[in-house]
Amino acid sequence: MRKNMEEKKEQMLAALKLPMDVCLGELVISVIGRRAVYVENYRSILFYTDERLKIQGKSCKLVILGKGLTVEYYTEEEMKVNGLIERVELEG
């Protein structure tokens, strides 16, 4: 039932030509080389060290692994992570 509802939402957004990522609250991840990651539409920071950052999205978790990770800035909707990015993973 829930899957059918999600499919209908996606079909409606596609018909209206609205951006699905924003309307459905999905994570938007932009990786800039090995030095920065921009994350949009996140819900919260779950875990943060200089080697690992775990972020809660609406339907999954984002894990950024690297060295010297720092959060340059964050707002309610987006953040920028700097450092030597080694891996970006999605969980769940």
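What follows is what I looked up, entry by entry.

**Ground rules.** I'm working with a predicted model, so to speak: local features need pLDDT of at least 70 and side-chain atom pairs count only at pLDDT 80 or more, while totals for chains, interfaces and linings use all residues. I number residues from 1 along each chain as its sequence is written, and side-chain values use heavy atoms, with hydrogens and water left out.

**Sheet.** I traced an open sheet of 6 strands, antiparallel in its pairing, in the order β1-β2-β6-β5-β4-β3. Its edge strands are β1 (28-32) and β3 (44-48), each pairing on one side only. From one strand to the next, the twist averages 40°. Strands here are DSSP E runs of at least two residues, numbered from the N terminus, and two of them pair if DSSP finds at least two bridges between them.

**β1 and β2.** I found 5 bridges joining β1 to β2 (residues 36-40), antiparallel. V28 has E40 in β2 as its bridge partner.

**N41.** I placed N41 in the loop between β2 and β3. Its phi is positive, near 65°. Most residues other than glycine have a negative phi. N41 is partly exposed at 22% relative accessible area (buried is under 20%, exposed over 50%, partly exposed in between; 1.4 Å probe, protein chains only).

**N82.** I then checked N82, in strand β6 (residues 78-91); at 18% relative accessibility, N82 counts as buried. Beyond four places away in sequence, N82 touches residues including R35, G68 and E72 (contact means heavy atoms within 4.5 Å).

How values were computed. Helix = DSSP H or I, 4+ residues; strand = E, 2+ residues; numbered from the N terminus. Axes fitted to C-alpha atoms, helices over the stretch in contact; angles between N-to-C directions.
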